[in-house]
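Dear colleague,

I am handing over the structure below, and I would be glad if you could look through it with my notes beside you.

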Amino acid sequence: MDTLSLLLNGLAVAATPSNLLFAGIGVLLGTLVGILPGISPSLTVALLLPVTFQLDPTGSLIMFAGIYFGGMYGSSTTAILLNTPGEAASIATAIEGHKMARAGRGGPALATAAIGSFFAGTLATIGLALVAPWLVELAVHFGPWDYFALMMLAFVTVAATFGTSVMRGLTSLVLGLTLGLVGIDKLTGQSRLDFSVPVLLDGISITTLAVGLFAVGETLFVLSRFNGQAEKLIPVKGSLWMTREDWSRSWKGWLRGFAIGFPIGALPAGGAEVPTLLSYTVERKLARHPEEFGHGAIEGVAGPEAANNAAATGTLVPLLSLGLPTSATAAMLLAGFQQYGLVPGPLLFTTNPELVWGLIASFLIGNAMLLLLNLPLVGLWVKLLAIPQHWLYAGILLFALLGTLAANPSAVELGMLLIFGLVGYAMRYWDYPVAPMIVGLILGPMAEMQFRRALQISLGDPLVFFTNPGSAVLLLLAVVALFAPLVFKGLRKFQGADE
């Protein structure tokens, strides 16, 4: 069956009333999350994991994806009106968007952000539908040595991409890999690191770790830095609609933003931060009015916002086809799959095609819903920015506690939630990324199993990982990904010393 037929079947799945409801709830929550400063889509997905574990997997994953894209849309509102990016990927938007808002052109800035995100997100979804099956066909021929090498590449790229240094990312990853050892060994049946606690025989719950690190840890960190002063909100003045000149200056930026964002997001070491900043640089170089940059150039909003949404969709290419998360929210989506006993990758396209293609098709529906939500309801979203922060985070803590109790009614789980929350706070305080820890817990046991299978097949010969071309290339890429940030850092220091 060709890609078009599969996508049409997926649209039929996504367009059922229940899945449309899930998509609507997801994009609405995602927009709220993106607008409220300090709350990320990954935090929201983490909070919802424990309360959705008994729901339909397809609908829940569609809702999580809606939160992901809605957060990308909503964060532009905060960046433009408050100069406070809700996500790191909205930093470039804040540079020009806030200047436009201060000049009374907040409406066109919000409009070009919403339309550009819709345009690039739709094109990126079509790209995802075309690229993912090709990667799946390639991955079907993987042996256990190839899968192990692929996961090593995922570990290294996630550790190198997140955080301010490779060492801090690797430290977070090792913590997650260690937690993945807890429980019963699936090959031998022996218990490991359970400390005679029966609950730990099933291993560390991904949901409890995610809620502790993202929700409790993030809340404690934000509250520790809260000084009681509210952000100064700039009201939206004039018309929301773009002029003919705004359209002519924006549409090329939308196209360039998609062309930059989707390929970079689809790389195993992708993400949305690099393409948005790169898009801003490109728009500044190609602008007809470069003197306006730094004072409110609409191209500086159109290009980065298109790149942001295209890259967000692109990160789902390695997640769905290979099971590799390349962003914090993608890691939480991976946890959502794991919650239902599903493993993203080539087998998922064969065993659950309706779920995969329904999820991909829901991106088209979700982007349309987000466009309809963001343009007419900007006034409502702006009012939500007035919610007191102490109310907001008190509600998050309460929701995290009740959600964990609903999923795992155990005093041990509550104790672990508190411990992981304190660990998450400490990691944020000392600037250690938390996403690699989640990835380590999820992929660690899978990597261990593939490693042991490869050794069993090769009768204990460790050279099997280097004699097979696929695994050898992947391991080489992992080495390059590990040392590339260190080399670039050294070059920057060397250039700085010369100057």
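Contact here means heavy atoms within 4.5 Å, and helices are DSSP runs of H or I with at least four residues, numbered from the N terminus. The model is predicted, so to speak of local features we need pLDDT of at least 70, side-chain atom pairs count only at pLDDT 80 or more, and totals for chains, interfaces and linings use all residues. Residues are numbered from 1 along each chain as its sequence is written, while side-chain values use heavy atoms, with hydrogens and water left out.

Helix α1 (residues 3-14) packs against helix α16 (residues 353-374) at an angle of about 80 degrees, with the axes 7 Å apart; axes are lines fitted to C-alpha atoms over the stretch in contact, and angles run from 0 to 180 degrees between N-to-C directions. This makes α1 roughly perpendicular to α16, a term that covers 65 to 115 degrees. Among the residues that meet there are L6, L7 and L11 of α1 and W357, I360 and L364 of α16.

The buried residues of helix α2 (residues 17-35) include F22, V27 and I35, where buried means under 20% relative accessible area with a 1.4 Å probe, protein chains only.

A nonpolar core is a set of buried Ala, Val, Leu, Ile, Met, Phe, Trp, Tyr and Cys residues joined through side-chain atoms within 4.5 Å. In the largest one, which has 115 residues, F64, M332 and I438 touch the most other members, and helix α6 (residues 106-139) gives the most to this core, with 13 residues.

Best wishes

Note on methods
Helix = DSSP H or I, 4+ residues; strand = E, 2+ residues; numbered from the N terminus. Parallel < 35°, antiparallel > 145°, perpendicular 65-115°, else oblique. Expected span 1.5 Å × (residues − 1). Buried < 20%, exposed > 50% of the residue type's maximum accessible area, 1.4 Å probe, protein only.
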